[in-house]
Amino acid sequence: MSSNSPKYIKQLSAVEREKFFNSFDVVFCDCDGVVWYTLRDFIPGSAQAIAELQCRGKQLTFVTNNSISSVDQHLQKFNSQTELKIEKRQIVHPAQTICDQLKSIGFEGLIYCLATPPFKQLLRDAGFRLCEDREGFTIESIADLHGAIFGAETVQAVIIDVDFNLSATKLMRAHVQLQNPNCLFLAGAADAMIPFGNGNIIGPGAFIDVVTKASGRQPMVLGKPGEALRQILRDRHSDCSANRVLFVGDSLASDIGFARASGYQTLLVLTGGSSAADVANLPADHAHLPDYVCDCLGDLCDKSE
């Protein structure tokens, strides 16, 4: 679905609201900036909105790119709200999608993983072997650089996600490993920018692009906005047509653009990475233009009732 002018949820009449709710059966919803403020508390009204969707019989799946928090931490956060009961299977997390992919192909090799500690721990807990970097090691000579890049074990997979300790040396090492055509290249979250503080900072997508261009290889991207993730979501609800799915997010690129390319209806929430001005500045029929907009997820609850 696409429209030349997004509709604001608060401006819908009672009849239009019911038509909106009756237009979808499945909801894919981002977490940070939508359900809760990034790495912080629940956004007022969001828990009630989720409960409202569940009460209406909607099938909810939460699609996050946040690998700073583990799947279990996401689950604990949801279930800290008395009105919510979210199950683990309802959370799509980049570490889990990559883990599932490796299991599906019977992968047993060594992994070089550029990611957060919770991401790496999920892979270890699943029985996968990860090679380690010498954290805090400073490159002071050509010999040091050569040893850091070429002196490590050969791996059978390179994984890139959010890594706040990323360095040029790590990217060089990943590039060298990927010169082996039999080495898998997987990526999780691939946002070009991510919200942080009062603005945005460079996201993992920029670093994935560096390795992609250097190696001449395209990764299998199992986080937003990856094609492999798109297929995973399709397979989850293969009996539901795309136009009966609503995707809720706060990022015009990673959420709305991804969802529109999938054929989903889209709802942009203005409590995260995008503003009303950002929407207003988009030309008609832009690939990131949402179908619906709301100030916060709580707008889904009819305050007049």
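Where is D285 found? I started my notebook with this residue and looked it up in the predicted model. D285 sits in the loop between α11 (276–280) and β14 (292–294). I checked its backbone too: phi is positive, about 65 degrees, although D285 is not a glycine.

**Entry: a cis bond**

Next I went to the peptide bonds. I found that K224 and P225 are joined by a cis peptide bond, with omega at about 0 degrees. I then placed P225 on the chain: this proline belongs to the loop between β11 (220–221) and α9 (227–236).

I stayed with α9 and asked how its axis meets that of helix α10 (residues 252–262). The two axes come within 11 Å and cross at roughly 60 degrees. That makes α9 oblique to α10. I noted the hand of the crossing of α9 and α10 as well, and it is right-handed.

Which residues of α9 and α10 meet here? On the α9 side I listed L229, R230 and L233, and on the α10 side F258, A261 and S262. Sorted by class, this contact of α9 with α10 has four nonpolar residues, one polar and one charged.

**Entry: the sheet**

Then I traced an open sheet of five strands. I wrote its order down as β6-β5-β7-β8-β11, and the pairing is parallel.

Strand β5 (residues 110–114) pairs with β6 in the parallel sense over two bridges.

Helix α4 (residues 94–104) lies across β5, β7 (157–160), β8 (184–187) and β11. Its direction is at about 155 degrees to β8.

**Entry: aromatic rings**

How many aromatic pairs are there? The count comes to 13, with ring centres within 6.5 Å as the cut-off. I picked out F42 and F78, an edge-to-face pair with 6.4 Å centre to centre and 80 degrees between the planes. This pair links distant parts of the chain, 36 residues apart. F42 is in the loop between β2 (26–29) and α2 (46–55), while F78 is in helix α3 (residues 71–78).

Conventions:
Residues numbered from 1 in each chain as written. Predicted model: local features only at pLDDT ≥ 70, side-chain atom pairs only at ≥ 80, totals over all residues. Heavy atoms only, no water. Helix = DSSP H or I, 4+ residues; strand = E, 2+ residues; numbered from the N terminus. Axes fitted to C-alpha atoms, helices over the stretch in contact; angles between N-to-C directions. Parallel < 35°, antiparallel > 145°, perpendicular 65-115°, else oblique. Left-handed = near helix turned anticlockwise from the far one by under 90°. Contact = heavy atoms within 4.5 Å. Nonpolar A, V, L, I, M, F, W, Y, C, P; charged D, E, K, R; others polar. Pairing = 2+ DSSP bridges. Phe/Tyr/Trp six-rings, centres within 6.5 Å; stacked < 30°, edge-to-face > 60°.
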